[in-house]
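Biologist: I am new to this structure and would like to learn how to read its features one at a time. Could we begin with charged side chains and then move on to rings and helices?

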Amino acid sequence: MDSKPFTEPAARPPAPVKIVIAGGFGVGKTTAVSSISEIKPLTTEAAITSVAAAVDRTGHVPRKTTTTVALDFGCITIDDEVKLYLFGTPGQDRFGFMWQDLVHGALGALVIVDTRRMDDCYPAVDYFENAGLPFVVAVNMFDGSLGHNLDDVRWALAVSEDVPLITFDARQKLSVRDALLAVLHNTFKKARAQAGAGA
């Protein structure tokens with residue numbers, strides 16, 4: 001009787017999970033994807049023209065010379081079971097027609113907020129509330145400081161208490177990781193609650 005060498009079964013690849021990173025113009029979406037991605041991120045940056053600068057109100061981000069016109073893409077393996085595929089949305093209203101395609105199939109979203117330009121963040125919050133997609137609001141700590149109390153931010157954005165509101169630094173890999181983990185935890189929590197309600 002021939003004996004065949006024992007071979008361990010091939011390890012299953014991590015489950016792919018799509019996460020959308022959204023927010024207004026210049027809030028740090030491209031920076032967040034670039035900070036965490038384990039591959040060279042795909043970006044669709046275009047130079048900001050003088051006309052676009054006037055429309056997009058670049059006064060709070062004077063060093064920003066490019067803007068995302070389609071999407072940002074990157075990925076990060078969380079562990080043996082989960083790999084996140086990150087899709088960053090363009091921030092300007094004129095590129096809003098792309099959001100539906102970018103959000104399709106996503107399990108959750110990270111909405112990045114710049115408290116210096118709070119009104120730019122309303123469309124993203126409204127979009128995910130209306131779409132019913134679980135999301136986390138993340139205040140980007142520009143210059144390492146928080147301009148407003150988180151309770152005031154929650155009130156200004158009119159988001160309910162069941163929406164996590166956190167701070168993070170889009171330039172720091174570990175900070176972005178923690179923000180993405182908050183999205184995962186929130187998504188799984190909502191899924192468990194819905195499963196319990198349907199039981």
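This is a predicted model: local features need pLDDT of at least 70, side-chain atom pairs count only at pLDDT 80 or more; totals for chains, interfaces and linings use all residues.

Biologist: With which residue does D162 form a salt bridge, and how far apart are the closest N and O atoms?

Modeller: The general idea is that side chains of opposite charge can pair when their charged atoms come close. In this structure the partner of D162 is K190, and the closest N and O atoms of the two are 3.6 Å apart. The pair links distant parts of the chain, since K190 belongs to helix α6 (residues 173-198) while D162 sits in the loop between α5 and β7 (165-168), 28 residues apart. K190 is partly exposed, with a relative accessible area of 25%.

Biologist: How many salt bridges does the structure hold?

Modeller: The structure holds eight salt bridges. One of them joins the side chains of K83 and E38, at 3.6 Å from N to O. K83 lies in strand β4 and E38 in the loop between α1 (29-36) and β2 (42-47), so this pair ties together parts that are 45 residues apart in sequence. E38 is partly exposed, its relative accessible area being 40%. The side chains of R171 and D169 also meet in a salt bridge, at 2.8 Å from N to O, and here D169 is buried, with a relative accessible area of 13%. Finally, a network of salt bridges links D114, R116, R117 and D120.

Biologist: What should I look at when two aromatic rings form a pair?

Modeller: A pair of aromatic rings is described by the distance of the centres and the angle of the planes. The count here comes to four aromatic pairs. In the pair of F73 and Y85 the ring centres are 6.2 Å apart and the planes lie at 20°, so the pair is stacked, because planes under 30 degrees apart count as stacked. F73 lies in strand β3 (residues 66-77) and Y85 in strand β4 (residues 82-88), so the pair ties together parts that are 12 residues apart in sequence. Y85 counts as partly exposed, at 28% relative accessibility.

Biologist: Which residues form one aromatic cluster, and which residue lies over the face of F87?

Modeller: The cluster is made up of F73, Y85 and F87. Over the face of F87 lies K18, at 4.5 Å from the ring centre.

Biologist: Which residues of helix α4 are buried?

Modeller: In α4, which spans residues 122-131, the residues A124, V125 and F128 are buried. They cover an arc of only 100° around the axis, which puts them on the same side of α4. The buried residues of α4 pack against β1 (15-23), α3 (99-103), β5 (108-113), β6 (135-140) and α5 (150-157). Just after α4, G132 takes a positive phi of about 75°.

Methods
Residues are numbered from 1 along each chain as its sequence is written. Side-chain values use heavy atoms; hydrogens and water are left out. Buried means under 20% relative accessible area, exposed over 50%, partly exposed in between (1.4 Å probe, protein chains only). Helices (H or I, at least four residues) and strands (E, at least two) are DSSP runs, numbered from the N terminus. The arc is that of the directions from the helix axis to the C-beta atoms. Contact means heavy atoms within 4.5 Å. Rings of Phe, Tyr and Trp (its six-membered ring) pair if their centres lie within 6.5 Å; planes under 30 degrees apart count as stacked, over 60 as edge-to-face and the rest as tilted. A charge sits over a ring if NZ of Lys or CZ of Arg is within 6 Å of the ring centre and within 35 degrees of the ring normal. A salt bridge is a side-chain nitrogen of Lys or Arg within 4 Å of a carboxyl oxygen of Asp or Glu.
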